Amino acid sequence: MIQFHNVYKSYPSGHDALDGVSFRLSKGEMAFLTGHSGAGKSTFLKLISLIERPSKGQILFENVNLKSVSKRKIAYHRRKIGMIFQNNLLLDNRSVFDNVALPLEVSGYRTIEVKKRAQAALDKVGLLHYRRKLPSELSSGEQQRVGIARAISTKPNVILADEPTGNLDPELSSSIMHLFEQFNQVGVTVLIASHDLNLINTMPYRKVVLDQGRIASNQAPLTNE
Amino acid sequence: MAKRAWTKQAVANDLGISSSKANRKQAHKHRISFLAPLTQVAKHNWRAFYQTLLGQIRKPFSTLLISGIIGIAMALPCGLYLLVINLQAIEDQWPHEPQLTLFTHKKVSYFEAQNLAKKINNLPGVKSIKVLSPGSAMEEYRHIVGLGKNELLPEQKLLPSILIIAFDSQSIKPDMIKRVKEKIEHLGQTESVHLDQTAVEKLYKLIEIGERSILVIGTIFAVGVLLIVGGTIRLEIQSKHNEILVIKLIGGTNAYVRRPFLYSGFWHGIFGGLLAWLLTLTAVMFLSNPVADFAQLSNKIFNLVTLDMQSTGILIGSSALLGLLGSWFSVGRHLAKVEP
Ligand SMILES: Nc1ncnc2c1ncn2[C@@H]1O[C@H](COP(=O)(O)OP(=O)(O)O)[C@@H](O)[C@H]1O
Ligand SMILES: [Mg+2]
């Protein structure tokens, strides 16, 4: 599904955010990307969604070399990915429903389909009753769930989440992780960047640890279940 | 081995090459769905079209402000255009009788003068010529100078003939008269040729100045409208920075992001054009009474020419076009800077 072949990324400021990373995530797999702050987790995800381009190396996504995705095609590439952002990036001049419907509208779904899918996504995260509210009227945990609903509304095959539990308390965090597990159980490939080791260590998924732009360990899930 | 084949497939997919049957099938499917993006684009165009309109109606103050500026900028050249059109109408109504008065050499006989008249009559634009014999010219001269019947002129026997050359008022232009005048001077036998400058010709010059001013002022104000719309759209882009960012992140194409701003510029132009139209009509209404009085005083039937359907269409259309262009430039310059 996602392959990194010896990927380097240095920012114009001269900082090497990724330093020769090779990595492979299979279809239907769920994995965590972890490491201390500044290790390069966000950069890693940005390279997959083409927010950034690698300085060196190859990235394959669904067997397509991302190098071949031209600037004009980036939008279509992003439609294949459900992205969740740490600061959730909801638009506060639109209702919760309209936020969730936005990717569907951008992709040109029919109006009936937009309504159906946005409602289904909101229902999935348990916030259908808040659909008419503005994001600012919700708690930060609820906002994060609206962000998740927006990411899954188009039913993408891949979900990338950058610190989805960033500043949530442990209970909310684990409920959000549980949502991702549910998506993974229906076949969605999930990659979550998080530095919340306490939470991650309780979960039976692969952990890729980044340290100063290199993969320090790539631990397979425990198989003692 | 398997991995190699797999990458090959990836490359084939990238390049859109399809060799196997399955791939061809997929390509076929692609071709069918090729129309789907078109309907999507049409739908989003329509949505952007009315949503930007609604957006502007929802904030009437800023809409009125911007449309007001555009409207005034458009109304000025428009008003000038009407002024020129009306001057032309006045000019058309006025009896246009440009004429040349020719004095022959004193030694030219009346007979020779008549021959000269025949030659001149063949020149372009000349309608008729009246030849005054030295005798009748004498009477004319006496009348002009104010001599009494019995007073003798010095050298009375050596008097010139006078040719009064009338032009076809429908087709003649002042510069043509000038050319005819030069030709006559070349024919010889003439002492002097005078052009009778009438008020109409001065009006004609005025119209020419007006026509040029429309071009100059029109261009200046068109650039002004472009700048106004461009600046407005730049502010809109800045205020929607987050929205643009999010739309790009969730898979909105550049065209999708651009569309509402282009329509916004279009609506600014439309509203500006409508306002310019209203301003101009008001000005015409305001002026129509004094003009009617003036027409009556000068025994003319003269109706103030106002904006007809065609010029209204051109006014609003060009205003909309300027709005669209202004936003196009602005979007091109500023939207690319908003990258996730
Ligand atoms: N846009 C950028 N420009 C310059 N340096 C950046 C940029 N984004 C990230 N970096 C640097 O790259 C390194 C990795 O950052 P990031 O990928 O955000 O790490 P993480 O998400 O693991 O905290 C950091 O040192 C950061 O300062
Ligand atoms: Mg980060």
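1. Two strands count as paired when DSSP finds at least two bridges between them. That rule is needed for strand 3 of chain A. The model is predicted. Strand 3 (residues 30-34) of chain A is joined to strand 8 (residues 189-193) of chain A by 4 bridges, and the two run parallel. Within strand 8 of chain A, A:Leu191 is the bridge partner of A:Ala31.

2. A:Phe32 has A:Lys207 as its bridge partner in strand 9 of chain A.

3. How much of strand 3 of chain A is buried? The count is 5 of the 5 residues, so the strand is largely enclosed by the rest of the structure. Both faces are covered. A:Met30, A:Phe32 and A:Thr34 are buried on one side. A:Ala31 and A:Leu33 are buried on the other.

4. Now the aromatic contacts. Over all chains, there are 12 aromatic pairs.

5. The edge-to-face class needs planes over 60 degrees apart. This pair, too, links distant parts of its chain: B:Phe49 is in helix 3 of chain B, B:Trp267 is in helix 10 (residues 254-297) of chain B, and 218 residues separate them.

6. B:Trp267 counts as buried, at 10% relative accessibility. The cut-off for buried is under 20%. Both residues belong to one aromatic cluster, made up of B:Trp46, B:Phe49, B:Tyr263, B:Phe266, B:Trp267 and B:Phe271.

7. Together with B:Tyr50, B:Leu54 and B:Ile57, B:Trp46 forms a nonpolar surface patch with about 400 Å² of accessible area. B:Ile57 lies in helix 3 (residues 35-58) of chain B. An α-helix has 3.6 residues a turn, so residues three or four places apart point the same way.

8. Helix 9 (residues 241-249) of chain B deserves a check. Of its 9 residues, 7 are buried, so the helix is largely enclosed by the rest of the structure. The buried residues are B:Glu243, B:Ile244, B:Leu245, B:Val246, B:Ile247, B:Lys248 and B:Leu249. The list includes the charged side chains of B:Glu243 and B:Lys248. Just past helix 9 of chain B, B:Gly251 adopts a positive phi of about 100°.

9. Two items remain in chain A. A:Lys56 lies over the face of A:Tyr8, 4.5 Å from the ring centre. A:Met1 belongs to the segment before strand 1 (2-10) of chain A. At 12% relative accessibility, A:Met1 counts as buried. A:Met1 and A:Gln185 are 184 residues apart in sequence, and their C-alpha atoms are 16 Å apart in space.

Conventions. Residues numbered from 1 in each chain as written. Chains lettered and ligands numbered in written order. Predicted model: local features only at pLDDT ≥ 70, side-chain atom pairs only at ≥ 80, totals over all residues. Heavy atoms only, no water. Patch = residues over 30% accessible without salt bridge, like charges linked within 9 Å, V, L, I, M, F, W, Y side chains within 5 Å. Areas by Shrake-Rupley, 256 points an atom, 1.4 Å probe, with all protein chains shown as cover. Salt bridge = Lys/Arg side-chain N within 4 Å of Asp/Glu carboxyl O. Buried < 20%, exposed > 50% of the residue type's maximum accessible area, 1.4 Å probe, protein only. Phe/Tyr/Trp six-rings, centres within 6.5 Å; stacked < 30°, edge-to-face > 60°. Lys NZ or Arg CZ within 6 Å of the ring centre and 35° of its normal.
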